[in-house]
Amino acid sequence: MMARQAGISFTFSMGIAAMLLLVTACRQEPVEPLPSDLMPAHLAAVPIPADNPLTPAKVDLGRRLFYDKRLSSQGTVSCASCHRQDLSFSDAPNQVSRGVNNALGQRNAPSLINVAYRPHYFWDGRAATLEDQAMAAFLSSVEMDADTMAVSALLRSGVYRDAWRAAFSDTAVSMRRAMMAIASFERTIVSANSRYDQYVLGNKAALSEQERRGMNLFFSSRSMCGACHGGQDFTNDQFQNIGLFNHYFDRGRYNVTKNMADDGLFKTPSLRNVALTPPYMASGDSDKGPLTTLEQVVEHYNDGGTPFSNKDRRVKKLGLSKAEVADLVAFMKALTDSSVLTRREWSAP
Ligand code: HEC
Ligand code: HEC
């Protein structure tokens with residue numbers, strides 16, 4: 001495990017007060033790029049690795065790199081091609097994404113909001129840090145298929161020279177440093193302004209009666225949803241099988257551990273902004289066809305899933321009524337924070 005030092009925590013505030021606070025905070029604290037309303041107090045401080053401190057210059061550079069298609073071999077694909085801000089940094093509604101040369105990947109692109117909090121990355125958890133994850137996407141033949149010589153030349157050129165020096169205080173270019181900058185930018189993508197968050201912060205009117213019924217059911221031992229989708233981002237960050245297939249061609253966590261007990265296990269995804277990122281699941285698919293709506297997902301759980309050797313015991317016939325299914329869906333829709341979609345700090349520079 002990488003040593004992590006605590007990040008920065010701020011009080012939650014919004015609107016004009018927050019904007020003023022942001023302006024003064026930037027003047028007095030030059031190393032602090034997170035506006036206060038991006039770092040609300042009801043979330044844990046963003047974990048920042050000791051070997052990649054977050055600075056405004058690095059975040060700035062990372063943002064430019066995240067949106068730069070010249071990082072891919074054909075100059076056609078950037079990180080943002082598959083992680084689009086207007087889609088909560090996902091690739092909805094594509095089941096799998098297309099990289100360079102229109103190469104098709106195998107898995108559904110997850111949203112990147114609050115990704116800094118995850119202890120491992122990819123559906124099978126094969127990357128331990130955001131820096132490693134970014135490097136994998138950058139080099140992957142079905143994603144960016146980067147030509148590192150060409151990218152080095154670009155980073156050394158006038159296009160990036162000043163931004164690079166500002167971020168790293170010298171001009172030594174490395175792919176590792178480029179990924180450190182991208183990871184720093186990703187760590188600023190913090191979302192916590194859904195109506196559910198407002199409810200948690202004391203505004204009881206933020207959720208309708210139906211959404212509150214859905215919330216109670218979600219966190220109940222009857223549905224067991226909260227057992228896996230718990231915590232501030234609605235994920236336990238563990239690997240489970242939920243019975244989508246009776247045979248897994250993509251074996252998930254097994255690919256990492258080679259342990260049969262991990263066959264068909266995938267990381268529990270966060271449910272923040274889940275309504276914006278169909279289709280669902282690592283494959284976007286199931287034995288019964290693609291899961292393109294939250295209703296279909298809840299019906300999947302309600303049916304108890306397809307029998308499979310490693311299916312989690314908590315996934316079983318639930319006996320939920322039509323109204324209860326609708327309540328759960330309504331609750332998940334209240335996890336939408338649409339401010340993410342337009343926040344300028346995260347848009348193409
Ligand atoms: C061609 C589409 C595509 C491109 C380009 C792409 N990604 Fe992804 N990204 C995906 C897919 C698909 C996954 C899931 C893959 C898996 O789990 O094996 C993913 C997963 C991730 C994750 C893991 C999230 C989690 O919760 O586990 C992060 C972080 C991420 N991408 C960031 C990036 C960055 C940074 C770049 C640019 C360097 C990038 N991606 C480029 C499609 C893409
Ligand atoms: C045993 C743990 C577990 C339980 C219980 C559970 N989930 Fe999940 N959930 C997961 C895992 C793991 C995935 C991803 C599975 C995959 O891709 O193969 C997932 C995926 C999802 C997705 C898709 C999200 C996305 O972005 O693709 C939704 C929505 C969801 N669950 C909602 C629920 C609801 C609602 C309940 C309760 C009825 C529930 N889950 C119960 C572990 C669980």
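In which loop is the place of Asn 114? In this predicted model, Asn 114 is situated in the loop between H3 and H4. The residue is not a glycine, yet its phi is positive, at about 60 degrees. Asn 114 is also buried, because its relative accessible area of 0% falls under the 20% cut-off.

With a relative accessible area of 17%, Phe 122 is buried. The loop between H3 and H4 also contains Pro 93, which is joined to Ala 92 by a cis peptide bond with omega of about 0 degrees. A cis peptide bond is also found from Pro 278 to Pro 279, where omega is near -5 degrees. Pro 279 is located in the loop between strand E4 (266–267) and H12.

Arg 107 has its place in the loop between H3 and H4 and counts as buried, at 16% relative accessibility. Beyond its neighbours within four places in sequence, Arg 107 is in contact with Gln 95, Val 96, Ser 97, Trp 123, Asp 124 and Arg 126, and also with residues including Asp 250, Gly 252, Asn 255, Phe 266 and Ala 282. The C-alpha atoms of Arg 107 and Trp 123 are 8.3 Å apart, with the two residues separated by 16 residues in sequence. Ala 127 is also placed in the loop between H3 and H4, and it counts as buried at 5% relative accessibility. Residues up to four places away in sequence aside, Ala 127 touches His 120, Tyr 121, Phe 122, Asp 132 and Gln 133. Ala 127 and Val 256 are 129 residues apart in sequence, and 9.8 Å separates their C-alpha atoms in space.

The chain as a whole comprises 13 helices and 4 strands. Of its 349 residues, 54% are buried. Among contacts between residues at least 6 apart in sequence, 67% join residues at least 24 apart.

Helix packing was examined for H9 and H13. Helix H9 (residues 209–218) packs against helix H13 (residues 322–333) at an angle of about 95 degrees, and the axes are 7 Å apart. The two helices are therefore roughly perpendicular. On the H9 side, the contact is made by Gln 210, Glu 211, Arg 213, Gly 214, Met 215, Leu 217 and Phe 218. These residues meet Glu 324, Ala 326, Asp 327, Leu 328, Ala 330 and Phe 331 of H13. By class, the contact of H9 with H13 has 7 nonpolar, 2 polar and 4 charged residues.

Helix H13 is also the packing partner of the buried residues of H12. In helix H12 (residues 294–303), the buried residues are Leu 294, Val 297, Val 298, His 300 and Asn 302. Gly 304 follows H12 and has a positive phi, near 85 degrees.

The structure holds 16 aromatic pairs. One of these is formed by Phe 218 and Phe 234, whose rings are edge-to-face, at 6.3 Å centre to centre with 75 degrees between the planes. Elsewhere, ring pairs link Phe 66, Tyr 67, Phe 89, Phe 185 and Trp 346 into a cluster.

Definitions and conventions. Residues are numbered from 1 along each chain as its sequence is written. Chains are lettered from A and ligands numbered from 1 in the order in which they are written. This is a predicted model: local features need pLDDT of at least 70, side-chain atom pairs count only at pLDDT 80 or more; totals for chains, interfaces and linings use all residues. Side-chain values use heavy atoms; hydrogens and water are left out. Axes are lines fitted to C-alpha atoms, for helices over the stretch in contact, and angles run from 0 to 180 degrees between N-to-C directions. Angles under 35 degrees count as roughly parallel, over 145 as roughly antiparallel, 65 to 115 as roughly perpendicular and the rest as oblique. Contact means heavy atoms within 4.5 Å. Ala, Val, Leu, Ile, Met, Phe, Trp, Tyr, Cys and Pro count as nonpolar, Asp, Glu, Lys and Arg as charged, and the others, Gly among them, as polar. Rings of Phe, Tyr and Trp (its six-membered ring) pair if their centres lie within 6.5 Å; planes under 30 degrees apart count as stacked, over 60 as edge-to-face and the rest as tilted. Buried means under 20% relative accessible area, exposed over 50%, partly exposed in between (1.4 Å probe, protein chains only).
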